[in-house]
Every structure is written in structure tokens, then in C-alpha cells.
Amino acid sequence: MDSTYTGNSAMRLMTAGPTSSLVWQEPVAREDGSLLYPSEIAQYHVYYKFTYEKQYHLITIPDGSTTELSLSSFSPGIYDFEVTAVDQQGLESGPSQAVQITVI
């Protein structure tokens with residue numbers, strides 16, 4: 001069985017003053033179309049970089065039920081973000097659609 005995920009990890013930015021957060025939806029299906037249950041997601045990887053950089057940096061969200069990352073500790077600048085899901089077997093999805101966020 002193919003254990004990679006579909007591109008369902010859509011992200012949106014929620015802002016509330018200095019506590020801006022990156023928020024995404026958990027995927028609900030695998031690439032083969034089979035259902036993906038929330039309990040099958042072990043963690044998320046958030047890839048980020050300043051838009052002028054070539055290489056992404058990684059933040060691991062070790063709880064598969066957490067779908068939010070606070071941006072309050074990020075330095076000001078314009079960033080590109082992508083999120084992947086990692087299942088209980090350690091298989092990582094393809095990246096979500098990239099979003100660009102300005103951190104003030």
C-alpha cells in the first residue's frame with residue numbers, strides 16, 4: 001500500500017497581533033485514495049526559509065494532533081512555508097502547497 005498522502009494539507013495563516021500562527025488541515029486520504037485516520041499521523045514537518053534562501057529549515061511537530069505553529073519566535077522577514085505529514089510507519093507525505101508569510 002502506498003503510504004504517502006494527498007495534497008490535503010492546505011494551510012492558512014491566522015493572525016492575532018504578535019501571536020501569528022501557521023495553521024493547516026490534517027490530510028484525510030492517502031495517494032492511493034484510502035482513508036487516513038488522524039491516529040495514523042505521528043507528526044508533522046514544517047519546512048521554512050526566507051524567500052531569498054535556497055534551502056529549507058525543518059521544524060518537527062512531534063504530536064500528530066497539533067496542526068498549528070506559532071510564528072512569534074520568528075525574526076521579521078518574508079518566509080516560505082510547506083508542511084508534510086509523517087505516518088506511524090515513518091513515511092512522509094509530499095509537501096503541501098507553499099505559502100508565503102510576512103512576519104513583522
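## Close-up views of the predicted model

**View A. With a relative accessible area of 3%, T84 is buried, because buried means under 20%.** The model shown here and in the other views is predicted. T84 belongs to strand β6, which covers residues 77-87. The side chain of T84 makes a polar contact, at 2.5 Å, with the side chain of E92.

**View B. Four strands form an open sheet in the order β4-β3-β6-β7, with antiparallel pairing.** At the edges stand β4 and β7 (99-103), each of which pairs on one side only. From one strand to the next, the twist averages 35°. Strands β3 and β6 are paired in the antiparallel sense over nine bridges. One place to look is Q43, whose bridge partner in β6 is V86.

**View C. Y48 sits in strand β3, which spans residues 41-50.** Is Y48 buried or exposed? Y48 has a relative accessible area of 19%, so it counts as buried, the limit being under 20%. Leaving aside neighbours within four places in sequence, the contacts of Y48 are Y56, H57, L58, I59, F74, Y79, D80 and F81. Y48 and V99 are 51 residues apart in sequence, and their C-alpha atoms are 9.7 Å apart in space.

**View D. Salt bridges that share partners join R30, E40 and D87 into one network.** In one of these salt bridges, the side chains of E40 and R30 meet at 3.1 Å, N to O. Both E40 and R30 lie in the loop between β2 and β3, so this pair ties together parts that are 10 residues apart in sequence. In another, the side chains of R30 and D87 meet at 3.2 Å, N to O. R30 lies in the loop between β2 and β3 and D87 in strand β6, so that pair ties together parts 57 residues apart in sequence. R30 is buried, with a relative accessible area of 3%, and D87 is buried too. E40 has 24% relative accessibility and therefore counts as partly exposed.

**View E. D80 and K49 meet through their side chains in a salt bridge of 3.3 Å, N to O.** Which parts of the chain does the pair link? D80 is in strand β6 and K49 in strand β3, distant parts of the chain with the two residues 31 apart. Both residues, D80 and K49, are buried. The count of salt bridges in the model comes to three.

**View F. Strand β2 (residues 21-24) has side chains pointing in two opposite ways.** S21 and V23 point one way, L22 and W24 point the other way, and all of these residues are buried. In a regular strand, side chains alternate between the two faces of the sheet. Strand β2 pairs with strand β5 (residues 68-70) in the antiparallel sense, over three bridges. Within this pair, L22 stands opposite L69 of β5.

View G. Across the protein, pLDDT averages 83, and 82% of the residues score at least 70. Over residues 1-9, pLDDT stays under 50. For that stretch, residues 1-9, the model has 37 contacts beyond four places in sequence.

Key
Residues numbered from 1 in each chain as written. Predicted model: local features only at pLDDT ≥ 70, side-chain atom pairs only at ≥ 80, totals over all residues. Heavy atoms only, no water. Buried < 20%, exposed > 50% of the residue type's maximum accessible area, 1.4 Å probe, protein only. Pairing = 2+ DSSP bridges. Polar contact = N/O pair within 3.5 Å; in protein donor to acceptor, adjacent residues only side chain to side chain. pLDDT = per-residue confidence, 0-100. Contact = heavy atoms within 4.5 Å. Axes fitted to C-alpha atoms, helices over the stretch in contact; angles between N-to-C directions. Salt bridge = Lys/Arg side-chain N within 4 Å of Asp/Glu carboxyl O.
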